[in-house]
Amino acid sequence: GRDIDFLSSNFIQDIRLRLALLYERQGRTDEALVQLKLVVTFHDRPSRKDDALWTAARIYKTRGDMKSYRLALESLVETCTWSRYVEKAKRALARSAPAP
């Protein structure tokens, strides 16, 4: 099982997300974001994309990158309408809206 189908499997998607969370806890946010981006862009299964986008947003906010924070939240709201994070993301976007 080392072909592209295996690399894009649900199992690997779960592993990438868990690895990203471990990296985040270790303060290795660049490595965490790489794994999260792979979950969002490489895998077909949508059920982990919302987790990846929510986690990425949290990392960006911690790093002070508010533009990327907002982009991750906006992507979550637009592409993962079924997600348990949608309402939280909408509230976070409202709170972080740039002043007119």
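Reader: What makes the stretch holding Leu53 a helix?
Author: Leu53 is found in helix α4, residues 49-63. Helices are DSSP runs (H or I, at least four residues), numbered from the N terminus. This is a predicted model: local features need pLDDT of at least 70, side-chain atom pairs count only at pLDDT 80 or more, and totals for chains, interfaces and linings use all residues. Residues are numbered from 1 along each chain as its sequence is written, and side-chain values use heavy atoms, with hydrogens and water left out.

Reader: Why is Leu53 called buried?
Author: Its relative accessibility is 8%. Buried means under 20% relative accessible area, exposed over 50%, partly exposed in between (1.4 Å probe, protein chains only). So Leu53 counts as buried.

Reader: Which residues does Leu53 touch, not counting residues up to four places away in sequence?
Author: Val40, Ala72, Ser75, Leu76, Thr79 and Cys80. Contact means heavy atoms within 4.5 Å.

Reader: Why does Arg95 count as exposed?
Author: Arg95 has 63% relative accessibility, so it counts as exposed. The cut-off is over 50%. Its place is in helix α6.

Reader: What makes Lys61, Lys88, Arg91 and Arg95 a patch of positive charge?
Author: Lys and Arg count as positive. Like charges are joined within 9 Å, placed at NZ of Lys and CZ of Arg. These four gather in such a patch on the surface. Helix α6, residues 86-95, gives the largest share, 3 residues.

Technical notes
Helices (H or I, at least four residues) and strands (E, at least two) are DSSP runs, numbered from the N terminus. Patches are made of residues with over 30% relative accessible area and no salt bridge: like charges are joined within 9 Å, nonpolar side chains (Val, Leu, Ile, Met, Phe, Trp, Tyr) within 5 Å. Accessible areas come from the Shrake-Rupley method with a 1.4 Å probe; for residues, only the protein chains shown count as cover. A salt bridge is a side-chain nitrogen of Lys or Arg within 4 Å of a carboxyl oxygen of Asp or Glu.
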